[in-house]
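Please examine the sequence and the model shown below before reading on.

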Amino acid sequence: MRLSVYRKAHFNAAHRLFNPNWSDEKNAEVFGLCNNPYYHGHNYDLEVKVTGEVDPETGFVIDIKVLSDLIKDEIELKFDHKNLNIEVEEFKTLIPTAEHICWVIWNILRKHIPEKFDLGVRLYETARNYVEYDGL
Ligand code: NI
C-alpha cells in the first residue's frame, strides 16, 4: 500500500530579485516589483509531500510528528523572518525566486528523509503563484 503524506508549513521572508550581471534597467524590467532595492516580503506557504509504503506495524508512511519537527527545525528556523538574500547562505549566489527557494528546501529536506521515500515540495509565494519540485 503506497501513498502520500502531506505536511503544510509557513514562513514569512523578505527578498529581492536581482541579477548582478544586468543593468538596473534590465533588472527592473524583468523582475518588476520584486526588484525593489529596499526588499519586500512574502508570506510563503509550503507543502511537503512524502510518498512511500505504509508500514504494516505502525500504519504510517512516515511519522507526521517527525516530519513536522524536521520542517520546523530545518526550514522554518532557517527562513522565517529572514532576509533571504542577506541571511541565507544559499542565496548569496542564487537569486531567491520561488523556484530557487523551493529547490533549496527540497535539497535540505532530502538529506534528512530516508531514501526509500519520494519527496515533493510545493511552495506558494502568493495564493495564486506556486512552484513544485519533486527531484526529477
Ligand atoms: Ni517578491
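Tyr133 is partly exposed because its relative accessible area is 23%; buried means under 20%, exposed over 50%, and partly exposed in between, using a 1.4 Å probe and protein chains only. This is a predicted model, in which local features need pLDDT of at least 70 and side-chain atom pairs count only at pLDDT 80 or more, whereas totals for chains, interfaces and linings use all residues. Residues are numbered from 1 along each chain as its sequence is written, and side-chain values use heavy atoms, with hydrogens and water left out.

The structure holds 6 aromatic pairs. Rings of Phe, Tyr and Trp (its six-membered ring) pair if their centres lie within 6.5 Å; planes under 30 degrees apart count as stacked, over 60 as edge-to-face and the rest as tilted. Tyr133 forms an edge-to-face pair with Trp106, at 5.1 Å centre to centre and 75° between the planes. This pair links distant parts of the chain, since Trp106 lies in helix H4 (residues 98-110) and Tyr133 in strand E5 (residues 130-133), 27 residues apart. Helices (H or I, at least four residues) and strands (E, at least two) are DSSP runs, numbered from the N terminus. Trp106 is buried because its relative accessible area is 11%. Elsewhere, ring pairs join Phe11, Tyr44, Phe79 and Phe91 into a cluster.

Which residues have the most contacts inside the largest nonpolar core? They are Phe79, Ile105, Leu109 and Leu123, in a core of 33 residues. A nonpolar core is a set of buried Ala, Val, Leu, Ile, Met, Phe, Trp, Tyr and Cys residues joined through side-chain atoms within 4.5 Å. Two or more residues come from each of strand E1 (2-15), E2, helix H2 (64-79), H4 and strand E4 (118-124), and H4 gives the most, with 8 residues.

Finally, Thr51 lies in strand E2 (residues 40-53). Thr51 counts as buried because its relative accessibility is 13%. Its contacts include Arg2, Val61 and Phe117.

Definitions and conventions: Contact means heavy atoms within 4.5 Å. Lists of a residue's contacts leave out its neighbours within four places in sequence.
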